[in-house]
Amino acid sequence: MSARLDAFSSPTVGKVFKHIIAAGKVLEDSTLPIATQELVRLRGSQINGCGFCTDMHSKDAAAAGETSVRLHLVAAWREATVFTEAERAALELTEQGTRIADAAGGVTDEAWANAAKHYDEEQLAALVCAIALINAFNRANVMIQQPAGDYRPGQFG
């Protein structure tokens with residue numbers, strides 16, 4: 001399988017992704033736990049069917065010490081007992097924020113209030129940005145059918 005567009009050699013894609021990557025780097029300095037950020041990226045990628053980002057973020061999370069049990073259960077987090085209440089709130093916000101078109105009202109007040117119980121205002125800001133950024137990457141990669149499976153942890157960092 002090959003991509004419809006070579007994103008790695010396209011000057012336009014390169015320039016745009018450079019800015020999205022730079023925006024993502026800001027989140028590394030936030031107080032939102034890195035584990036939570038990776039779970040959010042992974043769950044958003046799963047929902048959007050982005051194999052490239054699912055591959056990347058599962059491998060990056062594993063390289064950062066995330067357990068295989070938790071990684072395998074992200075897609076079924078509601079039934080899993082391995083996530084904290086804060087992580088569960090972040091995953092719910094991720095799902096609602098990713099599936100905006102599927103829900104008439106977008107993110108519910110209940111999901112927002114639950115996240116706000118676990119994260120301060122700056123962490124919520126980082127969470128919102130992480131969800132928005134992974135959705136941007138997912139949509140581009142799905143459109144161009146970027147192949148998955150060859151990513152090496154830290155390859156782009």
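This is a predicted model: local features need pLDDT of at least 70, side-chain atom pairs count only at pLDDT 80 or more; totals for chains, interfaces and linings use all residues.
Figure 1. Side-chain values use heavy atoms, while hydrogens and water are left out. F137 is found in helix α7, where helices are DSSP runs (H or I, at least four residues, with strands being E runs of at least two) numbered from the N terminus. When its neighbours within four places in sequence are left aside, F137 is in contact (heavy atoms within 4.5 Å) with F17, I20, I21 and C53. Between the C-alpha atoms of F137 and A103, which are 34 residues apart along the chain, the separation is 21 Å.

**Figure 2. The crossing of helices α6 and α7.** Two packed helices are described by the angle between their axes and the distance between the axes. The axes of helix α6 (residues 109-118) and helix α7 (residues 121-144) come within 9 Å and cross at roughly 130°; such axes are lines fitted to C-alpha atoms, for helices over the stretch in contact, and the angles run from 0 to 180 degrees between N-to-C directions. Helices α6 and α7 are therefore oblique to each other, given that angles under 35 degrees count as roughly parallel, over 145 as roughly antiparallel, 65 to 115 as roughly perpendicular and the rest as oblique. On the α6 side the contact is made by W112, A115, A116 and H118, and on the α7 side by Q123, L124 and V128. Sorted by class, the contact of α6 with α7 has five nonpolar, two polar and no charged residues (Ala, Val, Leu, Ile, Met, Phe, Trp, Tyr, Cys and Pro count as nonpolar, Asp, Glu, Lys and Arg as charged, and the others, Gly among them, as polar).

**Figure 3. The crossing of helices α5 and α6.** The axes of α5 and α6 come within 9 Å and cross at roughly 145°, and this crossing is left-handed. Helix α5 contributes E85, A86, A89, E92, L93 and Q96 to the contact, and helix α6 contributes A111, W112, N114, A115 and H118. By class, the contact of α5 with α6 has six nonpolar, three polar and two charged residues.

**Figure 4. Salt bridges around E95.** A salt bridge is a side-chain nitrogen of Lys or Arg within 4 Å of a carboxyl oxygen of Asp or Glu, and by this rule the count comes to ten salt bridges. R43 forms a salt bridge with E95, with the closest N and O atoms 2.8 Å apart. R43 lies in helix α2 (residues 34-48) and E95 in helix α5 (residues 85-98), so this pair ties together parts that are 52 residues apart in sequence. Both R43 and E95 are buried. At 41% relative accessibility, R78 counts as partly exposed. The side chains of E95 and R99 meet in a salt bridge as well (3.5 Å, N to O), and R99, at 33% relative accessibility, counts as partly exposed. Salt bridges that share partners join R43, R78, E92, E95 and R99 into one network.

Conventions
Residues are numbered from 1 along each chain as its sequence is written. Buried means under 20% relative accessible area, exposed over 50%, partly exposed in between (1.4 Å probe, protein chains only). A crossing is left-handed if the near helix is turned anticlockwise from the far one by less than a right angle, and right-handed if clockwise.
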